[in-house]
Amino acid sequence: MSLTKVSYSMIQGSSANVLDFGADPTGATDSTVAFQAALDAAKGANGTGAGRTVFSIYIPTPPGGFYKISSTLLVDGTYGIRIFGDNALTQRQDTTSQATIRWYGTRAPIFQLRGSTDAVSNPNFNIKIQDLTISGYPTVVTPADPIPANMALSGIHIGNIDGFNENTLNRTIEIANVTIDNCRFGIWSGNPDGLNTDHATVNIDNCYILSCPQAGIVWGTGNSIAVVKGCHVVLNGWGSASFPADDYMPQKGANIYVTAGYVDIISLATAGLGTYKPTDADIYQASGRVSIMNAWSDTHGLFFKQESASTFSANGYQIAQITGVRHFEGTMTVGNTPDSIDICAPGTSVISCSFYGNVRLTSGLSGRPICMGINFGRTGATFVGNGVDVQRSLIHHGNAGNFAQSFYGGFDVGQTPSNTGNTPSTTFVIKGDDPGVMEVADGSAGGTNMIWLSRTDDANGSQVQWYMNCYYDTAAGGYLPLQNTKSCWRIQFGGQANPLNVSVADPNGSSGVLTFTDIGGWLVGNSAGFKTEANFVPPKRTVDPTYTSADYWKGGIYYNTTTNKLRVNVGGGTWQDCN
C-alpha cells in the first residue's frame with residue numbers, strides 16, 4: 001500500500017498496525033519509512049502533540065516473517081504511546097537471529113527516544129515499548145567473530161547521538177518483555193555530550209538482553225532514575241576491546257554499566273562463562289548509585305565492581321545496598337573468579353549474600369562498607385583488600401567454623417532481650433571470632449537494669465568479647481572505637497593465668513588500650529599468694545562532670561584529685577563526698 005494513500009479509517013480507534021502504513025512483514029523490502037510514518041502519526045505537532053491520530057502501534061509477527069530496518073526509528077516529542085508486538089521469535093535462536101525487527105543499517109540506534117529540549121521543547125512522556133524482539137545484526141555474533149562494522153549502536157537508545165550537542169528529556173519510559181541481541185549496547189541511556197539530560201523514571205521489566213559485545217544495559221551521564229526488574233542480562237560485555245573509549249562508554253565490558261543517576265536492580269539473572277565472560281564485571285558502577293536486591297549470577301569474574309559512587313555533599317556519598325545475591329557456578333575457579341565483588345564507597349552495605357570469590361574492600365575513606373551475613377562458597381575465600389585492616393564496619397560473616405554474630409540496638413522500657421532456646425531469656429550464646437555486642441542498652445534514659453548473662457564459644461579459642469565494637473588499627477598498633485566519642489569494652493574470659501581481663505579503648509581515639517584509671521572499673525589479675533585479686537579503680541577528675549538533662553549519673557563514682565575524696569552521684573547533678 002502506498003503511504004500517500006493511507007486511509008485512517010483503517011485505523012481502529014487510536015491503535016494502528018504498521019502494516020497499514022506499508023511495512024513488509026516478509027523482510028523482502030525495507031520497512032523503515034513505514035515504521036517512521038506510524039511513529040510520526042503518534043507524535044503530532046512539535047511541542048504540542050496536536051493532530052495526533054495514533055496512540056498505540058502494533059507490530060505483528062507473521063510466521064517466518066520479520067521487518068527490515070535500515071535507519072534509526074525516532075520517537076521525539078510524543079506524549080503517551082505504546083509500541084508493542086507479539087514478543088515472539090519466529091523460531092528458536094541457534095545460528096541466526098530470529099528477531100521480528102532486524103537491523104540492516106550502519107552503526108546507529110534502532111529505536112531512539114530523543115525528546116529534544118532545544119529550539120522546540122519537545123520532551124517524551126509516558127512511552128512504552130513492549131513485546132518485541134530486536135536484533136542489531138542479521139546473524140548472531142560470537143566472541144570468535146570480528147565485530148561487524150555495521151552492527152547497531154543500540155537496540156533502544158534513550159537520549160541524543162554523540163556530536164549533536166543537545167539536551168534531551170524522557171520521562172516515565174517502560175521497556176517490558178523485550179528481547180534485544182547483537183547490538184553494541186542493548187539499551188543505552190544518557191547524553192554522550194555531557195549536557196543536562198534528565199531521563200526518569202525508566203523501567204526495564206522482564207527483558208532478555210544478550211550477545212551485546214560491550215554492554216547489555218548502560219545508564220550514562222545525566223540520567224536520574226532507572227529500575228531493572230526481573231530481567232535476564234546475559235553473555236554481554238566480552239568484546240570491549242573492539243570499542244575504544246568514546247563518549248558512549250569507556251573501554252570496559254559488562255552486563256550492566258552505570259556511570260550516573262540511581263539504578264535499582266531487582267531479581268536479576270546474569271551469566272557469562274568462558275569467552276562470554278564480561279571483561280570487567282557483571283555489574284560495573286563507575287559512578288552514580290547502584291542498589292542490587294536479589295540476583296542469581298553464573299558469571300565468571302567479578303559480579304559487582306564499584307569504581308566510585310556519586311556524592312551529594314562534600315563528605316556524603318550516595319550509598320547503596322547489595323542484598324540477596326548468589327554468585328556461584330560449578331566451573332568457577334580461583335583463576336577465573338578470584339573475587340566476587342569489589343567495593344569502595346563509604347556506607348555501601350553488603351548483606352545476606354553467597355559468594356564464590358573474595359569480598360574485596362578497597363576503600364581508603366572513613367566510613368567503610370558494611371558487610372553482614374556473607375557466606376563463601378570457596379575454601380579460603382574471605383575479605384581482602386586495603387579496606388580490611390583499617391577502620392571499617394565489617395560486622396560478621398559466616399565461614400564454616402566461624403559463625404560470628406553481632407547484636408546492636410536497644411530495648412524500650414519494660415522489655416527484655418530474648419533468644420529462642422536459651423533460658424533465662426536474658427542469656428545469649430555468642431559464637432565467632434571475637435564477636436561483638438554493640439550498644440547494648442535500653443531505649444530510655446531511665447534504664448531497665450538489663451542483666452546480660454553471655455558466654456562465647458570462640459572459633460579460635462581466644463574467648464574474647466567486645467561490647468560496643470572497636471577495631472584493631474594495624475598502623476597504630478592498638479584498638480580504636482568505631483565512634484571516637486564512645487569507649488569500647490573488651491572482655492576476655494577463660495584460662496587460669498588470666499580468668500578475667502577487662503579493658504577499654506580510649507573514647508577520644510588514641511591507639512592504646514587503656515586501664516580504668518581514666519574510665520573507671522574493675523581490674524582483675526593474679527597476685528602471689530592469691531588465686532585472684534580484684535581492685536576497683538574509679539576514674540579521676542578535678543571537678544564534678546558537667547550535668548545536662550540527658551545525662552544519667554545516679555550511682556556514678558569518681559575520685560576528686562583536688563580534694564582527694566571519692567564522690568558519688570545521688571541524682572541529677574548532685575554529687576557528695578564518700579569520705
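Reader: What is the order of the strands in the open sheet of 11 strands, and is the pairing parallel or antiparallel?

Author: Strands here are DSSP runs of E with at least two residues, numbered from the N terminus, and two of them pair if DSSP finds at least two bridges between them. In this predicted model, where local features need pLDDT of at least 70, side-chain atom pairs count only at pLDDT 80 or more, and totals for chains, interfaces and linings use all residues, residues are numbered from 1 along each chain as its sequence is written. Side-chain values use heavy atoms, with hydrogens and water left out. The open sheet has the order 4-7-10-13-16-19-21-23-25-27-29, with parallel pairing. Strand 4 (73-75) and strand 29 (383-384) are its edge strands, each pairing on one side only.

Reader: How many bridges pair strand 10 with strand 13, and which residue stands opposite Ile156?

Author: In a regular strand the side chains alternate between the two faces of the sheet. Strand 10 (residues 152-159) and strand 13 (residues 183-190) are paired in the parallel sense over 6 bridges, and Ile187 in strand 13 stands opposite Ile156.

Reader: Which strands run antiparallel to strand 46?

Author: Strand 45 (residues 557-560) is joined to strand 46 (residues 565-571) by 4 bridges and runs antiparallel to it, with Tyr558 having Arg567 as its bridge partner in strand 46. The hairpin of these two strands has 4 residues between them, and Asn564 takes a positive phi near 55° there. Strand 46 is also joined by 4 bridges to strand 47 (residues 574-577), again antiparallel, and Arg567 has Asp577 as its bridge partner in strand 47. In that hairpin, with 2 residues between the strands, Gly572 takes a positive phi near 60°.

Reader: How many aromatic pairs does the structure hold, and why is the pair of Tyr79 and Phe125 called stacked?

Author: A pair of aromatic rings is described by the distance of the centres and the angle of the planes. Rings of Phe, Tyr and Trp (its six-membered ring) pair if their centres lie within 6.5 Å, and planes under 30 degrees apart count as stacked, over 60 as edge-to-face and the rest as tilted. The structure holds 10 such pairs. The rings of Tyr79 and Phe125 have centres 5.7 Å apart and planes at 25°, so this pair is stacked. The pair links distant parts of the chain, since Tyr79 belongs to strand 5 (residues 79-84) and Phe125 to strand 8 (residues 124-130), 46 residues apart.
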